Amino acid sequence: MAHYDLKTEELKQMASKLRAGDTVSLTGTVYTARDAAHKKIVAAMDAGEALPFALEGAAIYYAGPTPAKPGQVIGSVGPTTSGRMDPFAPRLLDAGLSCMIGKGIRSQAVQDAMARNGAVYMVAIGGAGAAKAASIKKVEVIAYEELGCESVKRLTVENFSAIVSQDCVGGNLYTEGVAKYKK
């Protein structure tokens, strides 16, 4: 296991090198999107409409930030359960998405799409949303404002920490952890 300090624009080239268990500190642009936004993004793809952001090389954080209190950039911004995005994730991965960040295990279809596209899935610690907010320097709602906290936001992050949970060569902390425990 290794640690990487990465700029988000390096994710496309680095995703194929990252392995389950590696830790990462991300600096750059990360987008928030949850299931309602994913549904709208896929509908836009189906209709041939412009997407809220370029998927090629992008990182999506599965989060619905709470409103910022006075003096804050953002409120609590903890990860949401990633499995809710599984029906949409393979399509986004096939369109160039490089990194997903959330919590919980992903489906085999998502794992297959990650392998096919050289992408990575990272986890952020659930319940630590207030601590995560400290690494977010700027927030901008860029699409689907009607979804409230689930709108698509562009986050500018600095040293946003995450753990590679599932990599593009089949490494999976969830299955490896269970197997280790059963021994």
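**Charged pairs and nonpolar cores**

In this predicted model, Asp35 has a relative accessible area of 25% and is therefore partly exposed. Its salt-bridge partner is Arg84, with the closest N and O atoms 3.6 Å apart. Arg84 is likewise partly exposed, at 33% relative accessible area. Asp35 sits in helix α2 and Arg84 in the loop between β3 and α3, so this pair links distant parts of the chain, 49 residues apart.

The loop between β3 and α3 also holds Asp86, which pairs with Arg106 from the loop between β4 (99-102) and α4; the bridge therefore ties together parts 20 residues apart in sequence. Here the N to O distance is 2.7 Å. Arg106 is buried, with a relative accessible area of 6%, and Asp86 also counts as buried, at 13%.

A further bridge joins Glu56 and Lys12, whose closest N and O atoms are 3.5 Å apart. Because Glu56 lies in the loop between α2 and β3 (59-61) and Lys12 in helix α1 (residues 11-14), the pair connects parts 44 residues apart in sequence. Glu56 counts as exposed at 52% relative accessibility, while Lys12 is partly exposed at 35%. In total, the count comes to 8 salt bridges.

Turning to the nonpolar residues, the largest core has 28 of them, and Phe53, Leu92, Leu93, Met100 and Val152 have the most contacts inside it. Elements giving two or more residues to this core are α2 (35-47), α3 (89-94), α4 (108-117) and β5 (120-123). The largest share, 5 residues, comes from α2. Val152 touches residues including Ala37, Ile41 and Phe53. A second, separate core of 25 residues includes Leu26, Ala133, Phe160 and Ala162.

Conventions
Residues numbered from 1 in each chain as written. Predicted model: local features only at pLDDT ≥ 70, side-chain atom pairs only at ≥ 80, totals over all residues. Heavy atoms only, no water. Core = buried A, V, L, I, M, F, W, Y, C linked by side-chain atoms within 4.5 Å. Buried < 20%, exposed > 50% of the residue type's maximum accessible area, 1.4 Å probe, protein only. Helix = DSSP H or I, 4+ residues; strand = E, 2+ residues; numbered from the N terminus. Contact = heavy atoms within 4.5 Å. Salt bridge = Lys/Arg side-chain N within 4 Å of Asp/Glu carboxyl O. Lists of a residue's contacts leave out its neighbours within four places in sequence.
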